[in-house]
Amino acid sequence: MKKLLFFILTLVFVACSSDDGDNSIDSPNINPDIVGTWFATTLDSDDGTNLESTLVLNSDGTGSLTLVSLVDGEPSSAETLPITSWYTDDTTFYGTLNGNPDEFGYALSEENNVLELNYPDGTVYYDRISD
């Protein structure tokens with residue numbers, strides 16, 4: 001469960017300020033290739049729990065993250081967290097999840113149908129399930 005908790009905490013996305021000290025974001029970059037609904041399953045090797053993640057990224061810079069914990073293939077808990085803001089640059093995803101800001105490296109592959117998010121604890125690959 002420690003990995004599950006850490007995974008949830010690392011999914012905290014961020015809206016960061018620019019390096020020049022200006023805390024306003026006049027026109028954040030929303031990569032239209034990332035807009036959509038994404039799905040991933042990860043395994044917590046400590047206790048064998050699977051975690052299903054559904055990531056919704058809207059074109060207005062909002063979204064949500066739904067986490068479903070599976071024990072023996074059956075849902076044991078579920079939580080949906082709001083993404084109040086998100087944007088990107090060429091290699092970094094910035095966002096605020098449930099009020100907590102963070103940033104992660106990202107890449108798109110498979111004709112923009114796989115989203116790779118590079119968290120501090122490892123990489124998660126999300127498959128696109130809708131635009």
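Biologist: Before we start, what should I know about the numbering and the model?

Modeller: Residues are numbered from 1 along each chain as its sequence is written, and since this is a predicted model, local features need pLDDT of at least 70. Side-chain atom pairs count only at pLDDT 80 or more, while totals for chains, interfaces and linings use all residues, and side-chain values use heavy atoms, with hydrogens and water left out.

Biologist: OK, what elements does the chain have?

Modeller: There is 1 helix and there are 8 strands, and from the N terminus the order reads α-β-β-β-β-β-β-β-β. Helices (H or I, at least four residues) and strands (E, at least two) are DSSP runs, numbered from the N terminus.

Biologist: What do the 8 strands form?

Modeller: A closed barrel, running S1-S2-S3-S4-S5-S6-S7-S8 with antiparallel pairing. The twist averages 35° from one strand to the next; axes are lines fitted to C-alpha atoms, for helices over the stretch in contact, and angles run from 0 to 180 degrees between N-to-C directions.

Biologist: How do you know that S4 and S5 are paired?

Modeller: Two strands pair if DSSP finds at least two bridges between them. Strand S4 (residues 74-88) and S5 are joined by 5 bridges, so they pair, and they run antiparallel.

Biologist: What makes S5 a mostly covered strand?

Modeller: Buried means under 20% relative accessible area, exposed over 50%, and partly exposed in between (1.4 Å probe, protein chains only). In S5 (residues 92-97), 6 of 6 residues are buried. Thr92, Tyr94 and Thr96 lie on one side, with Phe93, Gly95 and Leu97 on the other. Across the 131 residues of the chain, 37% count as buried.

Biologist: Which residues does Thr62 touch, leaving aside its neighbours within four places in sequence?

Modeller: Contact means heavy atoms within 4.5 Å, and on that basis Thr62 meets Val56, Leu57, Ile83, Thr84 and Trp86. The C-alpha atoms of Thr62 and Pro82 are separated by 7.9 Å, though the two are 20 residues apart along the chain.

Biologist: What makes Asp131 and Arg128 a salt bridge?

Modeller: A salt bridge is a side-chain nitrogen of Lys or Arg within 4 Å of a carboxyl oxygen of Asp or Glu. Here the N to O distance is 3.4 Å, so the pair qualifies. The structure holds 1 salt bridge.

Biologist: Are those two residues buried or exposed?

Modeller: One of each. Asp131 has a relative accessible area of 75%, over 50%, so Asp131 is exposed. Arg128 comes in at 17%, under 20%, so Arg128 counts as buried.
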